[in-house]
Amino acid sequence: MSAPSKPTPQVKPGILDIHAYVPGKSKATNPNVVPVKMSSNENALGCSPAALAAFEAAGSRLNRYPDSTNADLRAAIAGHFRLEPERLVFGCGSDEIFALLNQVYLQPGDNIVMGQYGFAAYAIGAKACGGEVRYADEPELTTHVDNLLALVDERTRLVFFANPSNPTGTVLSEAEVRRLHEGLPGNVILVIDGAYCEFSSAPGFSDGLDLARAADNIVVTRTFSKLHGLAALRVGWAYAPEPVVAALDRIRLPFNVVLPGQDAAIAALADQDFQDRSLALVAQWRPWLTQQLGGLGLEVTPSHANFVLARFPAAPDKHNALAAEAWLADRGWIVRGVKNYGLPDHVRITIGLEEHNRAVVEALQAFMAS
Ligand SMILES: Cc1ncc(COP(=O)(O)O)c(C=O)c1O
(Lines give C-alpha, C1' and ligand atoms only; values in the text may rest on other atoms or scores of the structure.)
Protein backbone atom coordinates (compact mmCIF):
# COMPACT_ATOMS: atom_id res chain seq x y z
CA MET A 1 0.00 0.00 0.00
CA SER A 2 1.43 3.37 -0.94
CA ALA A 3 1.64 6.07 1.73
CA PRO A 4 -1.20 8.59 1.56
CA SER A 5 0.00 11.64 -0.40
CA LYS A 6 0.61 14.74 1.66
CA PRO A 7 -1.81 17.59 1.01
CA THR A 8 -0.24 20.53 -0.81
CA PRO A 9 -1.30 24.19 -0.87
CA GLN A 10 -4.05 24.72 -3.43
CA VAL A 11 -4.38 27.96 -5.38
CA LYS A 12 -8.01 29.08 -5.40
CA PRO A 13 -9.94 28.45 -8.62
CA GLY A 14 -9.32 30.88 -11.47
CA ILE A 15 -5.95 32.27 -10.34
CA LEU A 16 -3.86 30.07 -12.62
CA ASP A 17 -6.06 30.98 -15.59
CA ILE A 18 -4.93 34.60 -15.27
CA HIS A 19 -2.31 35.83 -17.71
CA ALA A 20 0.11 37.87 -15.61
CA TYR A 21 0.56 41.49 -16.71
CA VAL A 22 3.30 41.83 -19.32
CA PRO A 23 5.17 45.11 -18.86
CA GLY A 24 6.93 46.91 -21.73
CA LYS A 25 10.38 45.48 -22.34
CA SER A 26 13.40 47.50 -21.23
CA LYS A 27 16.33 45.49 -22.60
CA ALA A 28 17.72 45.49 -26.13
CA THR A 29 18.52 42.19 -27.79
CA ASN A 30 21.90 43.49 -28.91
CA PRO A 31 24.36 43.84 -25.97
CA ASN A 32 26.42 46.37 -27.95
CA VAL A 33 23.77 49.09 -28.01
CA VAL A 34 22.43 51.25 -25.20
CA PRO A 35 18.68 50.73 -25.32
CA VAL A 36 16.15 53.56 -25.43
CA LYS A 37 12.84 52.48 -23.93
CA MET A 38 9.76 53.58 -25.84
CA SER A 39 7.58 50.70 -24.72
CA SER A 40 5.81 51.80 -21.51
CA ASN A 41 4.42 55.27 -22.26
CA GLU A 42 6.80 56.89 -19.82
CA ASN A 43 7.76 60.56 -19.95
CA ALA A 44 10.80 61.02 -22.21
CA LEU A 45 11.72 64.25 -20.40
CA GLY A 46 12.17 62.49 -17.07
CA CYS A 47 10.39 64.25 -14.22
CA SER A 48 10.07 67.73 -12.79
CA PRO A 49 13.34 68.97 -11.20
CA ALA A 50 11.26 70.11 -8.23
CA ALA A 51 9.81 66.61 -7.87
CA LEU A 52 13.29 65.13 -8.00
CA ALA A 53 14.47 67.55 -5.29
CA ALA A 54 11.49 66.61 -3.10
CA PHE A 55 12.22 62.93 -3.66
CA GLU A 56 15.87 63.41 -2.67
CA ALA A 57 14.96 65.47 0.40
CA ALA A 58 12.67 62.65 1.53
CA GLY A 59 15.81 60.52 1.78
CA SER A 60 16.48 61.96 5.22
CA ARG A 61 13.18 60.52 6.50
CA LEU A 62 13.33 56.94 5.29
CA ASN A 63 12.97 55.67 8.85
CA ARG A 64 9.48 57.22 9.01
CA TYR A 65 6.22 55.69 7.85
CA PRO A 66 4.42 57.75 5.23
CA ASP A 67 1.28 59.67 6.18
CA SER A 68 -1.38 57.02 5.79
CA THR A 69 -4.04 59.63 5.03
CA ASN A 70 -1.97 61.39 2.34
CA ALA A 71 -3.09 64.67 3.92
CA ASP A 72 -0.72 67.03 2.09
CA LEU A 73 -1.06 65.35 -1.29
CA ARG A 74 -4.82 65.17 -0.79
CA ALA A 75 -4.96 68.92 -0.11
CA ALA A 76 -2.73 69.65 -3.12
CA ILE A 77 -4.89 67.60 -5.51
CA ALA A 78 -8.15 68.90 -4.07
CA GLY A 79 -6.92 72.47 -4.53
CA HIS A 80 -5.48 71.94 -7.99
CA PHE A 81 -8.56 70.23 -9.44
CA ARG A 82 -11.18 71.89 -7.16
CA LEU A 83 -12.34 68.57 -5.72
CA GLU A 84 -13.70 67.67 -2.31
CA PRO A 85 -10.70 66.23 -0.37
CA GLU A 86 -12.84 63.57 1.30
CA ARG A 87 -13.74 62.14 -2.10
CA LEU A 88 -10.12 61.25 -2.92
CA VAL A 89 -8.53 57.85 -2.44
CA PHE A 90 -4.89 56.97 -3.13
CA GLY A 91 -3.15 53.92 -4.50
CA CYS A 92 0.22 52.41 -5.28
CA GLY A 93 -0.29 53.58 -8.85
CA SER A 94 -3.78 53.69 -10.31
CA ASP A 95 -3.27 49.95 -10.85
CA GLU A 96 -3.89 49.39 -7.16
CA ILE A 97 -7.14 51.33 -7.32
CA PHE A 98 -8.47 49.03 -10.07
CA ALA A 99 -7.58 46.03 -7.90
CA LEU A 100 -9.25 47.57 -4.84
CA LEU A 101 -12.44 48.34 -6.78
CA ASN A 102 -12.63 44.75 -7.92
CA GLN A 103 -12.02 43.47 -4.40
CA VAL A 104 -14.69 45.67 -2.90
CA TYR A 105 -17.44 45.18 -5.47
CA LEU A 106 -16.98 41.77 -7.10
CA GLN A 107 -18.20 38.48 -5.70
CA PRO A 108 -17.53 35.22 -7.53
CA GLY A 109 -19.96 35.06 -10.44
CA ASP A 110 -20.27 38.85 -10.77
CA ASN A 111 -18.82 40.44 -13.86
CA ILE A 112 -16.98 43.48 -15.14
CA VAL A 113 -17.42 44.89 -18.63
CA MET A 114 -14.55 46.44 -20.61
CA GLY A 115 -13.47 46.98 -24.21
CA GLN A 116 -11.81 44.17 -26.12
CA TYR A 117 -8.49 46.08 -26.25
CA GLY A 118 -8.88 47.56 -22.77
CA PHE A 119 -6.05 47.82 -20.25
CA ALA A 120 -5.09 44.39 -18.92
CA ALA A 121 -5.01 45.37 -15.21
CA TYR A 122 -8.82 45.67 -15.01
CA ALA A 123 -9.29 42.06 -16.03
CA ILE A 124 -6.50 40.66 -13.84
CA GLY A 125 -8.07 42.20 -10.73
CA ALA A 126 -11.53 40.96 -11.62
CA LYS A 127 -10.42 37.40 -12.27
CA ALA A 128 -8.51 37.34 -8.98
CA CYS A 129 -11.87 37.95 -7.29
CA GLY A 130 -13.61 35.13 -9.14
CA GLY A 131 -15.30 37.62 -11.44
CA GLU A 132 -16.14 37.14 -15.11
CA VAL A 133 -14.66 39.57 -17.62
CA ARG A 134 -16.88 40.58 -20.52
CA TYR A 135 -15.17 42.17 -23.50
CA ALA A 136 -17.12 44.53 -25.76
CA ASP A 137 -16.12 44.76 -29.42
CA GLU A 138 -14.21 47.90 -30.32
CA PRO A 139 -14.75 48.57 -34.00
CA GLU A 140 -12.28 51.17 -35.34
CA LEU A 141 -10.18 50.45 -32.21
CA THR A 142 -12.46 52.75 -30.19
CA THR A 143 -14.48 52.19 -27.02
CA HIS A 144 -18.05 51.54 -28.16
CA VAL A 145 -20.82 52.66 -25.83
CA ASP A 146 -23.61 50.45 -27.18
CA ASN A 147 -21.40 47.37 -27.22
CA LEU A 148 -20.43 47.95 -23.59
CA LEU A 149 -24.04 48.53 -22.53
CA ALA A 150 -25.20 45.40 -24.34
CA LEU A 151 -23.01 43.24 -22.06
CA VAL A 152 -24.27 44.72 -18.79
CA ASP A 153 -26.61 42.47 -16.80
CA GLU A 154 -27.76 42.08 -13.20
CA ARG A 155 -24.38 40.60 -12.19
CA THR A 156 -22.36 43.51 -13.62
CA ARG A 157 -20.65 45.57 -10.92
CA LEU A 158 -18.05 47.63 -12.78
CA VAL A 159 -17.53 49.02 -16.29
CA PHE A 160 -13.93 50.04 -16.98
CA PHE A 161 -12.57 52.13 -19.81
CA ALA A 162 -9.60 54.42 -20.32
CA ASN A 163 -9.99 57.82 -21.95
CA PRO A 164 -7.77 58.05 -23.95
CA SER A 165 -7.47 54.33 -24.26
CA ASN A 166 -4.33 52.21 -24.11
CA PRO A 167 -3.01 50.70 -26.40
CA THR A 168 -5.18 52.36 -29.05
CA GLY A 169 -4.89 56.04 -28.06
CA THR A 170 -8.49 56.70 -29.11
CA VAL A 171 -11.02 58.75 -27.10
CA LEU A 172 -14.71 58.92 -26.31
CA SER A 173 -16.32 62.37 -26.34
CA GLU A 174 -17.90 63.72 -23.18
CA ALA A 175 -21.32 63.26 -24.78
CA GLU A 176 -20.59 59.58 -25.37
CA VAL A 177 -19.29 59.08 -21.82
CA ARG A 178 -22.46 60.73 -20.54
CA ARG A 179 -24.54 58.39 -22.67
CA LEU A 180 -22.64 55.40 -21.32
CA HIS A 181 -23.23 56.54 -17.76
CA GLU A 182 -26.91 57.20 -18.38
CA GLY A 183 -27.31 53.71 -19.82
CA LEU A 184 -25.98 52.01 -16.69
CA PRO A 185 -28.06 50.91 -13.72
CA GLY A 186 -27.27 52.92 -10.58
CA ASN A 187 -25.56 49.98 -8.88
CA VAL A 188 -22.92 49.63 -11.62
CA ILE A 189 -19.79 51.74 -11.17
CA LEU A 190 -18.36 53.43 -14.25
CA VAL A 191 -14.57 53.66 -13.94
CA ILE A 192 -13.04 56.34 -16.16
CA ASP A 193 -9.30 55.71 -16.25
CA GLY A 194 -7.63 59.03 -17.01
CA ALA A 195 -4.01 57.85 -17.08
CA TYR A 196 -3.46 59.74 -20.37
CA CYS A 197 -6.20 62.38 -20.18
CA GLU A 198 -3.84 65.36 -20.02
CA PHE A 199 -2.50 64.51 -23.48
CA SER A 200 -5.87 64.80 -25.18
CA SER A 201 -7.05 68.00 -26.76
CA ALA A 202 -9.67 66.21 -28.88
CA PRO A 203 -12.79 68.32 -29.51
CA GLY A 204 -15.56 67.42 -27.07
CA PHE A 205 -13.17 65.53 -24.79
CA SER A 206 -13.41 65.84 -21.02
CA ASP A 207 -11.45 64.20 -18.21
CA GLY A 208 -14.71 63.08 -16.58
CA LEU A 209 -14.18 64.89 -13.28
CA ASP A 210 -17.15 67.21 -13.85
CA LEU A 211 -19.37 64.27 -14.73
CA ALA A 212 -18.19 62.42 -11.62
CA ARG A 213 -18.92 65.37 -9.31
CA ALA A 214 -22.67 64.87 -9.48
CA ALA A 215 -22.76 61.10 -9.87
CA ASP A 216 -23.10 58.35 -7.25
CA ASN A 217 -21.50 55.71 -9.42
CA ILE A 218 -18.56 57.23 -11.31
CA VAL A 219 -14.92 56.78 -10.29
CA VAL A 220 -12.23 58.73 -12.14
CA THR A 221 -8.68 57.42 -11.72
CA ARG A 222 -5.52 59.43 -12.35
CA THR A 223 -1.80 58.80 -12.13
CA PHE A 224 1.51 60.58 -11.60
CA SER A 225 3.21 57.97 -13.82
CA LYS A 226 2.72 59.52 -17.26
CA LEU A 227 2.51 63.32 -17.57
CA HIS A 228 4.47 63.83 -14.35
CA GLY A 229 7.09 61.20 -15.13
CA LEU A 230 6.96 59.55 -11.70
CA ALA A 231 6.20 55.98 -12.76
CA ALA A 232 8.89 54.58 -10.44
CA LEU A 233 7.22 56.09 -7.38
CA ARG A 234 3.80 54.52 -8.00
CA VAL A 235 1.37 57.29 -7.08
CA GLY A 236 -2.22 57.04 -8.28
CA TRP A 237 -5.46 58.52 -7.03
CA ALA A 238 -9.16 58.40 -7.67
CA TYR A 239 -12.04 60.83 -7.32
CA ALA A 240 -15.02 58.78 -6.20
CA PRO A 241 -18.32 59.03 -4.33
CA GLU A 242 -17.77 59.05 -0.56
CA PRO A 243 -19.18 55.53 0.07
CA VAL A 244 -16.75 54.15 -2.52
CA VAL A 245 -13.84 55.97 -0.89
CA ALA A 246 -14.90 54.70 2.54
CA ALA A 247 -15.00 51.10 1.30
CA LEU A 248 -11.65 51.25 -0.53
CA ASP A 249 -9.99 52.91 2.45
CA ARG A 250 -11.00 49.97 4.65
CA ILE A 251 -9.02 47.42 2.69
CA ARG A 252 -6.11 49.27 1.13
CA LEU A 253 -2.72 48.75 2.77
CA PRO A 254 -2.34 51.53 5.34
CA PHE A 255 0.91 52.88 3.88
CA ASN A 256 0.29 52.19 0.20
CA VAL A 257 1.77 55.47 -1.08
CA VAL A 258 5.40 55.83 -0.10
CA LEU A 259 6.68 58.97 1.59
CA PRO A 260 9.05 60.06 -1.23
CA GLY A 261 6.17 59.46 -3.66
CA GLN A 262 3.80 61.72 -1.76
CA ASP A 263 6.39 64.51 -1.55
CA ALA A 264 7.48 64.24 -5.18
CA ALA A 265 3.87 64.19 -6.39
CA ILE A 266 3.07 67.41 -4.51
CA ALA A 267 6.07 69.12 -6.11
CA ALA A 268 5.23 67.73 -9.54
CA LEU A 269 1.68 69.04 -9.41
CA ALA A 270 2.98 72.54 -8.67
CA ASP A 271 5.51 72.47 -11.54
CA GLN A 272 3.44 73.79 -14.43
CA ASP A 273 6.53 74.44 -16.53
CA PHE A 274 7.48 70.75 -16.59
CA GLN A 275 3.90 69.74 -17.39
CA ASP A 276 3.77 72.28 -20.23
CA ARG A 277 7.07 71.04 -21.66
CA SER A 278 5.86 67.44 -21.49
CA LEU A 279 2.62 68.28 -23.24
CA ALA A 280 4.46 70.34 -25.87
CA LEU A 281 6.79 67.42 -26.64
CA VAL A 282 3.84 65.14 -27.31
CA ALA A 283 1.93 67.82 -29.23
CA GLN A 284 4.93 68.34 -31.51
CA TRP A 285 6.06 64.77 -32.15
CA ARG A 286 2.81 62.78 -32.11
CA PRO A 287 1.55 64.26 -35.40
CA TRP A 288 5.06 64.04 -36.88
CA LEU A 289 5.39 60.35 -36.00
CA THR A 290 1.86 59.68 -37.25
CA GLN A 291 2.64 61.32 -40.57
CA GLN A 292 6.07 59.72 -41.00
CA LEU A 293 4.87 56.21 -40.17
CA GLY A 294 1.91 56.75 -42.48
CA GLY A 295 4.42 57.71 -45.19
CA LEU A 296 6.02 54.28 -44.77
CA GLY A 297 2.70 52.70 -45.68
CA LEU A 298 1.71 51.85 -42.09
CA GLU A 299 -1.78 52.48 -40.80
CA VAL A 300 -1.52 54.71 -37.72
CA THR A 301 -4.49 55.10 -35.40
CA PRO A 302 -5.02 58.81 -34.62
CA SER A 303 -3.75 59.04 -31.04
CA HIS A 304 -4.73 61.36 -28.21
CA ALA A 305 -2.17 59.94 -25.78
CA ASN A 306 1.64 59.99 -25.46
CA PHE A 307 2.10 57.09 -27.87
CA VAL A 308 1.11 56.00 -31.35
CA LEU A 309 -0.16 52.64 -32.54
CA ALA A 310 0.98 51.52 -35.99
CA ARG A 311 -0.32 48.60 -38.00
CA PHE A 312 2.14 46.52 -40.01
CA PRO A 313 1.40 44.06 -42.81
CA ALA A 314 0.24 40.71 -41.40
CA ALA A 315 2.63 37.75 -41.24
CA PRO A 316 3.80 35.89 -43.34
CA ASP A 317 4.72 39.26 -44.91
CA LYS A 318 8.26 39.78 -43.67
CA HIS A 319 7.47 43.37 -42.78
CA ASN A 320 5.17 42.24 -39.97
CA ALA A 321 4.89 43.73 -36.47
CA LEU A 322 6.92 41.06 -34.70
CA ALA A 323 9.78 41.47 -37.17
CA ALA A 324 9.61 45.28 -36.85
CA GLU A 325 9.81 45.05 -33.05
CA ALA A 326 12.82 42.73 -33.31
CA TRP A 327 14.51 44.93 -35.95
CA LEU A 328 14.16 47.99 -33.72
CA ALA A 329 15.24 46.11 -30.58
CA ASP A 330 18.38 44.98 -32.35
CA ARG A 331 19.25 48.64 -32.93
CA GLY A 332 18.43 49.64 -29.35
CA TRP A 333 14.89 51.00 -29.88
CA ILE A 334 12.52 49.20 -27.52
CA VAL A 335 8.90 49.47 -28.64
CA ARG A 336 5.85 47.44 -27.67
CA GLY A 337 4.27 44.71 -29.74
CA VAL A 338 0.68 44.39 -28.54
CA LYS A 339 -0.17 40.82 -29.53
CA ASN A 340 -1.26 40.17 -25.94
CA TYR A 341 -3.92 42.86 -26.41
CA GLY A 342 -5.30 40.98 -29.40
CA LEU A 343 -3.50 43.23 -31.88
CA PRO A 344 -0.79 40.98 -33.38
CA ASP A 345 -0.15 43.30 -36.34
CA HIS A 346 0.32 46.45 -34.27
CA VAL A 347 3.25 48.06 -32.53
CA ARG A 348 2.90 50.81 -29.93
CA ILE A 349 5.59 53.47 -29.78
CA THR A 350 5.87 55.96 -26.92
CA ILE A 351 6.62 59.52 -28.05
CA GLY A 352 10.29 60.13 -27.35
CA LEU A 353 12.75 63.00 -27.59
CA GLU A 354 13.30 64.44 -31.06
CA GLU A 355 16.40 62.33 -31.71
CA HIS A 356 14.62 59.16 -30.59
CA ASN A 357 11.59 59.77 -32.79
CA ARG A 358 13.74 60.57 -35.82
CA ALA A 359 15.97 57.55 -35.27
CA VAL A 360 13.01 55.18 -34.92
CA VAL A 361 11.49 56.45 -38.16
CA GLU A 362 14.84 56.07 -39.93
CA ALA A 363 15.23 52.53 -38.62
CA LEU A 364 11.70 51.67 -39.74
CA GLN A 365 12.37 53.16 -43.17
CA ALA A 366 15.30 50.76 -43.50
CA PHE A 367 13.15 47.90 -42.18
CA MET A 368 10.33 48.51 -44.65
CA ALA A 369 12.88 48.76 -47.48
CA SER A 370 14.70 45.59 -46.36
C1 LIG B 1 -4.66 52.87 -19.39
C2 LIG B 1 -3.75 52.81 -18.21
N3 LIG B 1 -4.26 52.93 -17.00
C4 LIG B 1 -3.49 52.87 -15.89
C5 LIG B 1 -2.13 52.65 -16.00
C6 LIG B 1 -1.34 52.42 -14.76
O7 LIG B 1 -0.87 53.55 -14.21
P8 LIG B 1 -0.14 53.51 -12.81
O9 LIG B 1 1.30 53.67 -13.10
O10 LIG B 1 -0.74 54.68 -12.09
O11 LIG B 1 -0.45 52.24 -12.09
C12 LIG B 1 -1.55 52.52 -17.25
C13 LIG B 1 -0.10 52.27 -17.35
O14 LIG B 1 0.46 51.95 -18.35
C15 LIG B 1 -2.37 52.59 -18.38
O16 LIG B 1 -1.87 52.44 -19.60
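A residue is termed buried if 20 or more other C-beta atoms lie within 10 Å of its own, exposed if 12 or fewer do, and partly exposed in between, with C-beta atoms placed from the backbone.

## Basis of the model

The structure is a predicted model, in which local features need pLDDT of at least 70 and side-chain atom pairs count only at pLDDT 80 or more, while totals for chains, interfaces and linings use all residues. Residue numbers start from 1 along each chain as its sequence is written.

## Backbone exceptions

Most residues other than glycine have a negative phi, and most peptide bonds are trans. Asparagine 41, although not a glycine, has a positive phi of about 55 degrees. Asparagine 41 is placed in the loop between strand E1 (36-37) and helix H1 (49-57), where helices (H or I, at least four residues) and strands (E, at least two) are DSSP runs numbered from the N terminus. Asparagine 41 is buried, with 23 other C-beta atoms within 10 Å.

Asparagine 70 is likewise not a glycine and has a positive phi of about 55 degrees. Its place is in the loop between H1 and helix H2 (71-81), and asparagine 70 is buried, with 23 other C-beta atoms within 10 Å.

## Cis peptide bonds

The peptide bond from asparagine 163 to proline 164 is cis, with omega near -5 degrees. Proline 164 is found in the loop between strand E5 (156-162) and helix H6 (174-182). Asparagine 166 and proline 167 are also joined by a cis peptide bond, with omega about 15 degrees, and proline 167 lies in the loop between E5 and H6.

## The sheet

Seven strands form an open sheet with mixed pairing, in the order E2-E8-E7-E6-E5-E3-E4; two strands pair if DSSP finds at least two bridges between them. Strand E2 (88-92) and strand E4 (132-136) are the edge strands, each pairing on one side only. On average, neighbouring strands of this sheet are turned by 25 degrees against each other, direction ignored; axes are lines fitted to C-alpha atoms, for helices over the stretch in contact, and angles run from 0 to 180 degrees between N-to-C directions.

E2 and strand E8 (residues 235-239) run antiparallel and are joined by five bridges. Leucine 88 stands opposite tyrosine 239 in E8.

## Ligand surroundings

Among the 13 residues around the ligand, Gly93, Asp95, Ala195, Thr223 and Ser225 come nearest; a residue is near a molecule or strand if its C-beta atom, placed from the backbone, lies within 6 Å of it. Helix H3 (residues 93-105) supplies the largest share of the shell, three residues.
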